[in-house]
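Student: Could we go through this model together, starting with the terms before we get to the packing?

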Amino acid sequence: MNHLLTIGQLAAYAGVTIKAVRVYHGKGLLPEPPRDSSGYRRYGAEHAIQLVKIKTLVDAGVPLARIKDVLGAGPDRFAAAIDEIDASLRRRAEEIRRTRQRIAHLRSGDRLFVSEEVAGYLDVLREIGVSERSVLLERDLWVLLSSAAPDQAAAWIADKLDAIADPEFRALNLAYDAAFDWSPDDPRLPALADRTRRWLAGRDGGAEAAMPDDDSMARLAAATAGASSPALLRIAELIKSYGDARSRR
C-alpha cells in the first residue's frame, strides 16, 4: 500500500517530467524501486518527498552534480554547500551579464570595433552614398590606426569629422568609392590624385598633420587599402610623388 504511484503519477505530483525522473534515477539521486508483478515500478511517499527535494534544489539553480552531496549533508555542511553554490551562481550571473553586454555591442555594429566618433563618421559616409564595401575598408583602417596610435587617431578623426561637412570632401569620398575597381593604370587616376592633393593643400595641412608618424603603421594601412583596391593604392602613390617632387624644388 506504500507503493501506489506509477512513474507518471510521481512526476505529475512533483511537477517534473517522466524524463527528468529517469535522469535522477540514472544519476543516483532518486532510488529506483523494483518492478511489481505486473512489470511496473511503483513509487511511495519516500520517493515523492525525495523528488520534491531534488526539484526544489534544481529550481534554485543547484547543479545536478552537487545535489547528492547537498541532500546527504548535515546542517553545517549543508549551509556551507549552499553558500558555495550561491557564490558560483553569482559568478555565472556576472558572466551572463558581461555576455549580454557583448551581445548588445554586437548589435551596435561598427561601435564594437571603433570609437563613437569613428562610428559616427562611418555613418555619415553611408548617408552620403558611399558603398558598404568602402565603408568597411575605412573602418578596418581605423581599427589599425586606433590600435597603433590612439592619440593621433583621435586627432585625425576630429579633423575628418570637420572635413566631412565640406561638399568637396564628400565628393572625393564618392569619387574614391567609384574608383575602387578601376585598374591602377586607369588614365582617370592622376586627375583624381591631383584633385585630392589640391583639396589637402587647401586644408592647411590639417588632415595630413594628424596622420600617424609611425612609418610602419602608414605602410600597413596603405597595404591594407592596396590589397583591396590597387587603384586606391595608386592614387596614394601619385599624391606622395607630387609631394616628393615639390620638396625637391
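Tutor: Contact, or touching, means heavy atoms within 4.5 Å. This is a predicted model, in which local features need pLDDT of at least 70 and side-chain atom pairs count only at pLDDT 80 or more, while totals for chains, interfaces and linings use all residues. Residues are numbered from 1 along each chain as its sequence is written, and side-chain values use heavy atoms, with hydrogens and water left out.

Student: OK, what does Ile235 touch, leaving out residues up to four places away in sequence?

Tutor: With those set aside, Ile235 touches Tyr176, Leu189, Leu192 and Ala193.

Student: And which residues touch the most other members of the largest nonpolar core?

Tutor: Ile235 is one of them, together with Tyr121, Leu125, Trp142 and Ile164, in a core of 33 residues. A nonpolar core here is a set of buried Ala, Val, Leu, Ile, Met, Phe, Trp, Tyr and Cys residues joined through side-chain atoms within 4.5 Å, where buried means under 20% relative accessible area, exposed over 50% and partly exposed in between, with a 1.4 Å probe and protein chains only.

Student: Which elements give two or more residues to this core?

Tutor: They are α6, α7, α8, α9, α10 (189-202) and α13 (230-248), and α6 gives the most, with seven residues. The helix labels come from DSSP runs numbered from the N terminus, with helices being H or I of at least four residues and strands E of at least two.

Student: Let's stay with α6, then. Which of its residues are buried?

Tutor: In α6 the buried residues are Val118, Ala119, Tyr121, Leu122, Val124, Leu125 and Ile128, and their cover includes α7 (132-148), α8 (150-163) and α9 (167-179). The helix itself runs over residues 116-128, and its 13 residues reach 19 Å from first C-alpha to last, close to the 18 Å expected at 1.5 Å a residue, the expected span being 1.5 Å times one less than the number of residues.

Student: What comes just after α6?

Tutor: Gly129 follows there, with a positive phi of about 110 degrees.

Student: How does α6 pack against α9, parallel or perpendicular?

Tutor: The two helices pack at an angle of about 75 degrees, with their axes 10 Å apart, axes being lines fitted to C-alpha atoms, for helices over the stretch in contact, and angles running from 0 to 180 degrees between N-to-C directions. That makes α6 roughly perpendicular to α9, since angles of 65 to 115 degrees count as such, those under 35 as roughly parallel, those over 145 as roughly antiparallel and the rest as oblique.

Student: Which residues make that contact?

Tutor: From α6 come Tyr121, Val124, Leu125 and Ile128, and from α9 come Phe169, Arg170, Asn173 and Leu174.

Student: Changing topic, where does Leu238 sit, and what does Leu238 touch?

Tutor: Leu238 lies in helix α13 and is buried, with a relative accessible area of 10%. Not counting residues up to four places away in sequence, Leu238 touches Leu189, Pro190 and Ala193. The C-alpha atoms of Leu238 and Asp194 are separated by 8.1 Å, although the two are 44 residues apart along the chain.
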